[in-house]
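Terms are defined where they first come up.

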Amino acid sequence: MKGKLHVFAPLWVEFLAVRRALPHARVVHTGMGVARASAAAARVCASTAPDEPVAVAGFAGALRPGVRPGEIVVASEVRTPGGGPIPCPSAPLVANALRRRGFTVHVGPIVTVDEVVQGKAERAELAVSGALAVDMEAAAVLQHAGGRPVAVVRVIVDTPDRPLWHPGTLTGGAAALRALRQAAPALKDWSDSCRKRTLLLAGPRSFCAGVERAIGIVEGALAQYGAPVYVRKQIVHNLHVVRDLERRGAVFVDDTDEVPDGATLVFSAHGVSPAVRSEAQARDLSVLDATCPLVAKVHAEARRFAGRGDTVFFIGHAGHEEVEGTLGEAPESIRLVQTADDVAALDVPDPQRVSYLMQTTLAVDESATVVDALRARFPALRGPSSDDICYATTNRQAAIRRVATASDVVLVVGSANSSNSQRLVELAIRECGSAYLVEDESRIDLGWLANAQTVGLSAGASAPPALVDRVIVALSGLGRTDVNELVAATESVEFAAPKVAPRP
Ligand code: SF4
């Protein structure tokens, strides 16, 4: 059951703005300061159900130059100068609801103090701890919230360069009031999604052996040679992985001609065509090959099948880097087949000499349909010695199927260009009707969760496990969350990385 939303607003102007925006919530005027806010929260929390969500809404002062008047700070935690932090785990979800309403939103700690902060020096002192904003009530309210879902939304009025008693604060205050009125409905979205729920984790999920190996090769090169280390294309299809490696000195390029002479170049996990290898060789680049061994196996089959005179049908998605690399192994002999509908139009020199291969990250059931269509048209069709769809893809699809059949909605952590993540979403939609791909917890739409008592969660093979943990934390901030894992397979595959030799 969803509980009633209780919103605490310190000043009368804040109270009136929030009450007008949230007619169905219980909006409480606390009065200014720690003591008044604490007394009001103690009274309300003692007399209401212990799972009803509690929010604080109003104005705050910025502690950092980048946080400007009219922008919003959503507290990731609230602190008192001497006390421990009170976490607000669902902050990224509240922030997303506000961004969707057009606000510039910062997520970070808010510190609650006893008196109005005056000078720049006082703000600078408070900012040392990492806090983004200062108020006089949030921690005092939240200390009474117990295990309830909590949220703090503060519109910035004053800043280090424009203190409270500044001529510009008056007009800024009017704009902030408008912003508060427009922002408050995001708290309704949030409270509508607060409920006791079950989270079903798909096992296995997240990193596979090929991705771990590829990332390890870039890390090894950075450790051995220092920055910069050049990587052709994204090492794996995940924005967080790429940004993290960029911060550490990796430089991602689209092609070999962007790499300076004598530099180290890493080929991504998706593999490259022989033409790209030749270009790197001609440039005398020092190459490290992070192609997944299971992709390399498909390349070897493509060469072998084409070498024996077959026309090779490669089942895959046009434009994907793995597909481009494999097609490049024997461009004259390989034909790309994307769907069963493509099969009728295929024209081959000898129907007795045909074989097929697949992209490693395809949907198992859909690719079987394409193979059936090929076999019906070409009875002499031969296939690979073992499945091209890799163990990681197969296991993650089996796991998400189990989870999706028991869920109201499924979230898949992964980047939009991740083929295996996209296949997980498609499969989950087929099983439960509602599934979404999210880069991380900050992209979750509260509307997806409003009626979801059971949420399934998985991650593509290129998505770091830490991102899944962050999603779990954010969802657990919406109320009591029972986390269970449904394990479809256990994995013990490891691929040894090539040794990164000292630079000659
Ligand atoms: Fe290798 Fe499969 Fe992982 Fe791709 S998804 S890197 S083919 S193990």
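1. Helix 8 has a number of buried residues: Ala-209, Gly-210, Val-211, Arg-213, Ala-214, Ile-215, Ile-217, Val-218, Ala-221, Leu-222 and Tyr-225. Buried means under 20% relative accessible area, exposed over 50%, and partly exposed in between, with a 1.4 Å probe and protein chains only. Helices (H or I, at least four residues) and strands (E, at least two) are DSSP runs numbered from the N terminus. An α-helix has 3.6 residues a turn, so residues three or four places apart point the same way.

2. This is a predicted model, in which local features need pLDDT of at least 70 and side-chain atom pairs count only at pLDDT 80 or more, while totals for chains, interfaces and linings use all residues. Residues are numbered from 1 along each chain as its sequence is written, and side-chain values use heavy atoms, with hydrogens and water left out.

3. How far does helix 8 reach from its first C-alpha to its last? The span is 24 Å for 17 residues, close to the 24 Å expected at 1.5 Å a residue; the expected span is 1.5 Å times one less than the number of residues. After helix 8 comes Gly-226, with a positive phi near 80 degrees.

4. In the loop between strand 9 (197-203) and helix 8 lies Pro-204, and the peptide bond joining Gly-203 to Pro-204 is cis, with omega about 5 degrees. Ser-206 lies in the loop between strand 9 and helix 8; its phi is positive, about 70 degrees, although Ser-206 is not a glycine. Ser-206 counts as buried because its relative accessibility is 3%.

5. Pro-228 is placed in the loop between helix 8 and strand 10 (229-232). The peptide bond from Ala-227 to Pro-228 is cis, with omega near 0 degrees. Lys-233, in the loop between strand 10 and helix 9 (239-247), also has a positive phi, of about 65 degrees, and is not a glycine.

6. Which residues are around the ligand? They are Cys-208, Gly-210, Val-211, Cys-292, Leu-294, Val-295, Thr-360, Cys-390 and Tyr-391, where near means that a heavy atom of the residue lies within 4 Å. Helix 8 (209-225) and helix 11 (293-307) each supply at least two residues of this shell. By class the shell has 7 nonpolar residues, 2 polar and no charged. Here Ala, Val, Leu, Ile, Met, Phe, Trp, Tyr, Cys and Pro count as nonpolar, Asp, Glu, Lys and Arg as charged, and the others, Gly among them, as polar.

7. The ligand sits in the largest cavity, meaning that more than half of its atoms lie within 2 Å of the grid points. On a 1 Å grid over the protein atoms alone, a cavity is a set of points where a 1.4 Å probe fits but cannot get out, and a pocket is an open set with protein on both sides within 12 Å along at least five of seven lines; lining residues have an atom within 4 Å of a point. Grid points are joined across faces, edges and corners, and a volume is the space filled by probe spheres set on the points.

8. The volume of the largest cavity is about 270 Å³. Of the 24 residues in its lining, Cys-208, Val-211, His-270, Thr-360 and Thr-361 are the closest to the centre. Helix 8, helix 11, helix 14 (391-405) and helix 15 (419-432) each give at least two lining residues, and helix 14 gives the most, with 3. The lining of the largest cavity divides into 12 nonpolar, 11 polar and 1 charged.

9. The largest pocket has a volume of about 490 Å³. Its lining has 24 residues, with Leu-11, Met-32, Phe-59, Asp-158 and Leu-164 nearest the centre. Elements that each supply at least two of the lining residues include helix 1 (12-21), strand 3 (54-62) and helix 6 (167-183). The classes in this lining are 14 nonpolar, 3 polar and 7 charged.

10. For the chain as a whole, the secondary structure comes to 17 helices and 20 strands. Of its 504 residues, 55% count as buried.
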